[in-house]
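Let's walk through this one together, a question at a time. Have the sequence and the model open as you read.

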Amino acid sequence: MKREEQLRRFGIRPTRYQRALAVLAWAAVAAEAAILLARWHAIPATIPVHFGRSGAPDRYGSRAALWLIPAINVLLCAALGALSRFPQLWNTAADTEDSAPRRAAYFAAGRTLLFEIRFAAVVGTAAIGTFAAFLMPKLPGWFTGLYLAAIALPLVLYAARVADVKKEK
């Protein structure tokens, strides 16, 4: 089945918001790689690669380890982007007895969740890499909470979207 037919069948198409999140996630990956390339000479040979609960580094490694973050982000962007194209693989709140528009609303909520999680995870891990390499010897205490909130927010929004669909008759 062609992609267009599949999207028609499930009643979803990427929204402007979803496309913007995808572009911004890929832009964050590219920006991080560009920053690493541009500032490679200024990065110390040994850098913090893990931070403890207090925000202080508890493990050090080679600066080459910084390339793992953009590599993981490329894989994350590609995998979640590919998954967003195959709604039949998702476990959604849709029931087989739901109407087609209602199933489409569930699938649209799930797709938006994938785009939001991809964006939050990529931007957050890129920020961690930037902190580790350039900005300070200690990760600020507020950052962990902010990162976890950014990852949790799409889940809360998804739950609200699903609840809205369930309310509709």
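Q: Is E116 buried, partly exposed or exposed?
A: First, a word on the source: this is a predicted model, where local features need pLDDT of at least 70, side-chain atom pairs count only at pLDDT 80 or more, and totals for chains, interfaces and linings use all residues. Residues are numbered from 1 along each chain as its sequence is written, and side-chain values use heavy atoms, with hydrogens and water left out. Buried means under 20% relative accessible area, exposed means over 50%, and partly exposed is in between (1.4 Å probe, protein chains only). With a relative accessible area of 5%, E116 is buried.

Q: Which side chain meets E116 in a salt bridge?
A: Side chains of opposite charge can pair when their charged atoms come close. A salt bridge here is a side-chain nitrogen of Lys or Arg within 4 Å of a carboxyl oxygen of Asp or Glu. The structure holds one salt bridge. At 2.8 Å, N to O, the partner of E116 is R161.

Q: How many residues apart are R161 and E116?
A: Helices (H or I, at least four residues) and strands (E, at least two) are DSSP runs, numbered from the N terminus. R161 sits in helix 5 (residues 141-167) and E116 in helix 4, so the pair links distant parts of the chain. R161 is partly exposed at 24% relative accessibility. The separation between R161 and E116 is 45 residues.

Q: What kind of aromatic pair do W40 and W67 form?
A: Rings of Phe, Tyr and Trp (its six-membered ring) pair if their centres lie within 6.5 Å; planes under 30 degrees apart count as stacked, over 60 as edge-to-face and the rest as tilted. The count by this rule comes to one aromatic pair. W40 and W67 are 6.0 Å apart, centre to centre, with 40° between the planes, and the pair is tilted.

Q: Why does the pair of W40 and W67 tie together parts that are apart in sequence?
A: W40 is in the loop between helix 2 (16-39) and strand 1 (46-51), while W67 is in the loop between strand 2 (57-62) and helix 3 (68-83). W40 is partly exposed at 24%, and W67 is partly exposed at 32%. Because of those two loop positions, the pair ties together parts whose separation in sequence is 27 residues.

Q: How far apart in space are A71 and A33?
A: A71 is placed in helix 3 and is partly exposed, at 40% relative accessibility. A71 and A33 are 38 residues apart in sequence, and their C-alpha to C-alpha distance is 9.2 Å.
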